[in-house]
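Subject: Structure for you to look over

Hello,

Here is the structure I promised to pass on. Please open it alongside these notes.

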Amino acid sequence: MPRTTDKDGTPVPQRLLAAATRLFAEQGYDRTSVQEIVEAAGVTKGALYHYFGSKEDLLHEVYARVLRVQQERLDHFAALDAPVEQRLRDAAADVVVTTIENLDDAAIFFRSMHHLSPEKNKQVRAERRRYHERFRALIEEGQRQGVFSTATPADLVVDYHFGSVHHLSTWYRPDGPLSPQQVADHLADLLMRALRP
């Protein structure tokens with residue numbers, strides 16, 4: 001994307017995403033108009049369509065940008081020269097923290113995913129599947145090495161952990177009793193206990 005910026009130096013695509021994220025979180029995707037997004041971002045409709053093509057593209061990008069960060073971080077943890085137990089635990093905690101850091105994005109997406117076209121939905125499922133497969137590969141590596149139990153299939157373990165992650169937006173509150181890292185540590189520890197041989 002071209003890096004056209006406003007007087008504060010914020011690139012137009014980032015301004016559009018920030019405005020869309022805020023409005024989708026406040027009003028819902030279906031109740032937010034393109035006009036409201038461009039007014040909040042301080043740009044024209046032409047600028048929005050230059051960078052995104054449609055409101056649906058904005059919705060997709062809200063989620064895709066978080067998933068890209070999470071995929072990069074998972075790939076980093078998976079490639080470390082460390083015991084698989086440490087790599088999996090670190091990756092499991094990290095996805096919780098990055099989800100909480102982007103809670104509006106996650107809430108918007110899971111609440112509005114059904115608005116995506118079949119083509120975009122397929123793309124999102126493929127991106128999520130890639131992430132889950134990389135995560136599952138760590139579990140399977142540990143199972144092959146005998147450090148994780150094989151009593152529960154790796155796919156079910158992945159679903160167990162990500163079920164918790166995907167529901168964070170329904171209950172986690174920044175002003176609540178637990179910090180993002182504390183929640184991450186608890187959920188990662190639950191996962192590791194479930195895998196103990």
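This is a predicted model: local features need pLDDT of at least 70, side-chain atom pairs count only at pLDDT 80 or more; totals for chains, interfaces and linings use all residues.

Asp 75 and Arg 134 form a salt bridge, with 3.1 Å between the closest N and O atoms. Asp 75 is partly exposed, at 24% relative accessible area. Arg 134 is partly exposed too, at 32%. Arg 130 joins them, and the three residues are linked in a network of salt bridges.

The whole structure holds 13 salt bridges.

- Arg 65 bridges to Asp 105, with the closest N and O atoms 2.7 Å apart. Arg 65 is in helix 4 (residues 55-79) and Asp 105 in helix 6 (residues 103-112), 40 residues apart. Arg 65 counts as partly exposed, at 25% relative accessibility. Asp 105 counts as buried, at 6%.
- Arg 68 meets Glu 61 at 2.3 Å, N to O. Arg 68 is partly exposed at 42% relative accessibility, whereas Glu 61 is buried at 12%.

Now the rings. There are four aromatic pairs. In one of them, Tyr 131 and Phe 162 have ring centres 5.5 Å apart and planes at 90°, so the pair is edge-to-face. Tyr 131 belongs to helix 7 (residues 118-145) and Phe 162 to helix 8 (residues 154-166), so the contact ties together parts 31 residues apart in sequence. Both Tyr 131 and Phe 162 are buried. Ring pairs also bring in Phe 135, making a cluster of Tyr 131, Phe 135 and Phe 162.

Trp 171 and Tyr 172 form another edge-to-face pair, at 6.0 Å centre to centre and 75° between the planes. Trp 171 is partly exposed at 44% relative accessibility. Tyr 172 is buried at 3%.

Last, the largest pocket. Its volume is about 160 Å³. Which residues line the largest pocket? They are Arg 128, Arg 129, His 132, Glu 133, Arg 136, Asp 155, Val 158 and Asp 159. Helix 7 and helix 8 each supply at least two of the lining residues. Helix 7 gives the most, with five. By type, the lining has six charged residues, one polar and one nonpolar.

Best wishes

Technical notes. Residues are numbered from 1 along each chain as its sequence is written. Side-chain values use heavy atoms; hydrogens and water are left out. Rings of Phe, Tyr and Trp (its six-membered ring) pair if their centres lie within 6.5 Å; planes under 30 degrees apart count as stacked, over 60 as edge-to-face and the rest as tilted. Helices (H or I, at least four residues) and strands (E, at least two) are DSSP runs, numbered from the N terminus. Buried means under 20% relative accessible area, exposed over 50%, partly exposed in between (1.4 Å probe, protein chains only). On a 1 Å grid over the protein atoms alone, a cavity is a set of points where a 1.4 Å probe fits but cannot get out, and a pocket is an open set with protein on both sides within 12 Å along at least five of seven lines; lining residues have an atom within 4 Å of a point. Grid points are joined across faces, edges and corners, and a volume is the space filled by probe spheres set on the points. Ala, Val, Leu, Ile, Met, Phe, Trp, Tyr, Cys and Pro count as nonpolar, Asp, Glu, Lys and Arg as charged, and the others, Gly among them, as polar. A salt bridge is a side-chain nitrogen of Lys or Arg within 4 Å of a carboxyl oxygen of Asp or Glu.
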